[in-house]
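Here is a quick tour of the model on your screen.

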Amino acid sequence: MNFALTEEQLAVRDAAREFAQTELLPGVIERDEKQQFPAEQIKKMGELGFMGMMVDPKYNGGGMDTVSYVLAMEEISKVDASCSVVMSVNNSLVCWGLEKFGTEEQKQKYLTKLATGECIGAFCLSEPEAGSDATSQRTTAEDKGDHYLLNGTKNWITNGSSASFYIVMAQTDVDKKHKGINAVIVEKGMEGFTIGPKENKLGIRGSDTHSLMFQDVKVPKENRIGEDGFGFSLAMQVLNGGRIGIASQALGIASGAMELAVKYSKERQSFGKPISQHQGIQFKLSEMGTNIEAARLLCLQAAAKKDRKEDFVKEAAMAKLFASKVAMETTVEAVQVHGGYGFVKEFHVERLMRDAKITQIYEGTSEIQKIVIAREILK
């Protein structure tokens, strides 16, 4: 086993860290309070290659490995999880799925713009009555010969209003159940496609989460990804990779909170000395550090297996399950280390605590991850 990072991987990590500290940190509190989508920051992330990191350069991507993606996601997430979830969805759920399963025409038309951040993508699976049970799709794509007629509603869609292209899961043949689900590309502006109000969320408030409504939306047949009935399989495969992205986001939230806690503990005086010299604080920091390092290794292991084209389903689920747990525990303790100041917005840790919770919910709840892990163990 070689745990050393390459020079290229270290350069990606350092570039992401510098960008997060210089471009994302200023204004992050204000964006959170105002629920303001970080459009300018996302545009710069695209220019730096963070929106299509693993896409082949022939489609305007960075051609990087998944390990580099994990490193960049951690650094971005330390500062602004609203930006990192946009980055994660675009990279893991949209670009990866299009590159692996899309036609050459779809790649030229959509992927080349998504990889540069010129356009942003969204992945539409969840519905009012289809969350963890993703097989219960009520949205329908009625086969009309040369096109599909799309009807239904999607919930909790990240990049809901900022996206230009949407990968939508819809049921074409109810009798075939999940094998009758198709994935189609919907473009913003198609007749009958409307975007609902922005959700007022606990955390990641800068990212735009919306419900989407489809009423007799005419989607050309050439916008279907994969063979007829391939949609559910596509969704499960991209979600496996997506879990690495969200695990890395959770890791970044945790490590960002710990860095703030360490810094504050060295500055804050109590009983005549910095609180970092009190055993109670040291025990908190030691547990944070140990758990974060374990989460980091799980994320990197999943990424390395994906890069080697090995089965990484169990490793990705383990990384997401553990890293999201660590994110919650670490951010709560970081607030505690800060005392009363931890409850104040200007010290950042309360925002990280609010952002951490969603990592245990989206792209597969912690309970779903346990089911996936158990299934893999029992094979």
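## A tucked-away serine

Ser82 is buried, with a relative accessible area of 6% (buried means under 20%, exposed over 50%, partly exposed in between, using a 1.4 Å probe and protein chains only). You'll find Ser82 in helix α5, residues 81–101; helices (H or I, at least four residues) and strands (E, at least two) are DSSP runs, numbered from the N terminus. Leaving out residues up to four places away in sequence, Ser82 touches Ile204, Arg205, Gly206 and Ser207, where contact means heavy atoms within 4.5 Å. A polar atom of the Ser82 side chain sits 3.0 Å from the backbone nitrogen of Gly206.

## What the model is

This is a predicted model, so local features need pLDDT of at least 70 and side-chain atom pairs count only at pLDDT 80 or more, while totals for chains, interfaces and linings use all residues. Residues are numbered from 1 along each chain as its sequence is written, and side-chain values use heavy atoms, with hydrogens and water left out.

## Two pockets

The largest pocket holds about 1,100 Å³ of space. A pocket here is an open set of points on a 1 Å grid over the protein atoms alone, where a 1.4 Å probe fits, with protein on both sides within 12 Å along at least five of seven lines; lining residues have an atom within 4 Å of a point. Its lining has 42 residues, with Ser126, Ile361, Tyr362, Glu363 and Gly364 nearest the centre. Helix α7 gives the largest share of that lining, six residues.

The second largest pocket has a volume of about 450 Å³. Of its 16 lining residues, Asn2, Phe3, Leu300, Gln301 and Ala304 lie nearest the centre. Helix α8 (residues 279–307) supplies the largest share here, eight residues.

## Charged pairs

The structure holds 25 salt bridges, each a side-chain nitrogen of Lys or Arg within 4 Å of a carboxyl oxygen of Asp or Glu. One of them pairs Lys43 with Glu47, the closest N and O atoms being 3.0 Å apart. These two are about one helical turn apart, because they are four residues apart in helix α3 (residues 39–47). Lys43 is exposed at 53% relative accessibility, and Glu47 is exposed at 57%.

Glu187 and Lys109 also form a salt bridge, at 3.3 Å between the closest N and O atoms. Glu187 is in strand β5 (residues 181–187) and Lys109 in helix α6 (residues 104–114), so the pair ties together parts 78 residues apart in sequence.

Terms used. Polar contact = N/O pair within 3.5 Å; in protein donor to acceptor, adjacent residues only side chain to side chain. Points joined across faces, edges and corners; volume = space filled by probe spheres on them.
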